[in-house]
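These notebook entries record what I looked up in one structure.

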Amino acid sequence: MNIINYLNTAFLLTPAPADGAPPAGGGIFSLLFPLVLMVGVIYFLLIKPQSKRQKTEKNMRDNLQIADEVVTVGGIIGRVLSIKDDTVLIETGGDRTRIRVLKSAIAENRTVHDN
């Protein structure tokens, strides 16, 4: 029995073939198919929806306008006063407190725009 037949037998858990007989178990394809199938399932169930969600969040942050009502990831609700490159100045509460936050900290835009 040569080394290839031994490895096929060890990894595929099939009985050793008789001399001259083809190896049983389907060879390397039977090992790779489940692995490729699992990677495909993980991609379509986890990676693709996450990238789509990140794309919509980035689009929302890029389309912020002055006077939009926003919610930060910390739960602070306020109105946008000014927008810089990567920061947003928001006004919160009845006492008109101003807070500068990163654009990445904006979780939701509650203002409805007609596009």
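I located Arg-96 in the loop between β3 (87-92) and β4 (97-102); helices (H or I, at least four residues) and strands (E, at least two) are DSSP runs, numbered from the N terminus. The model is predicted, so I noted that local features need pLDDT of at least 70 and side-chain atom pairs pLDDT 80 or more, while totals for chains, interfaces and linings use all residues. Residues are numbered from 1 along each chain as its sequence is written, and side-chain values use heavy atoms, with hydrogens and water left out.

I then checked the accessibility of Arg-96: it counts as exposed because its relative accessibility is 58% (buried means under 20% relative accessible area, exposed over 50%, partly exposed in between, with a 1.4 Å probe and protein chains only). Its phi is positive, about 60°, although Arg-96 is not a glycine. Most residues other than glycine have a negative phi. I found Gly-78 18 residues away from Arg-96 in sequence and 9.3 Å away in space, C-alpha to C-alpha.

Ala-67 also has a positive phi, about 80°, and is not a glycine. I placed Ala-67 in the loop between α2 (29-62) and β1. At 43% relative accessibility, Ala-67 counts as partly exposed.

Next I traced the fold. I counted two helices and five strands, running α-α-β-β-β-β-β from the N terminus. The five strands form an open antiparallel sheet in the order β4-β3-β2-β1-β5; two strands pair if DSSP finds at least two bridges between them. β4 and β5 (106-109) each have a single partner strand and stand at the edges, so one side of each lacks a neighbour in the sheet. Neighbouring strands are turned by 45° against each other on average, direction ignored (axes are lines fitted to C-alpha atoms, and angles run from 0 to 180 degrees between N-to-C directions).

I looked at one strand pair in detail. β1 (residues 69-72) pairs with β5 in the antiparallel sense over three bridges, and Thr-72 has Ile-106 in β5 as its bridge partner.

Which residues make up the largest nonpolar core? I listed eight: Met-60, Leu-64, Val-70, Val-80, Val-88, Ile-90, Val-101 and Ile-106. Such a core is a set of buried Ala, Val, Leu, Ile, Met, Phe, Trp, Tyr and Cys residues joined through side-chain atoms within 4.5 Å. Leaving aside residues up to four places away in sequence, Val-88 touches Leu-64, Val-80 and Val-101, among others (contact means heavy atoms within 4.5 Å).

Finally, I recorded that 21% of the 115 residues count as buried.
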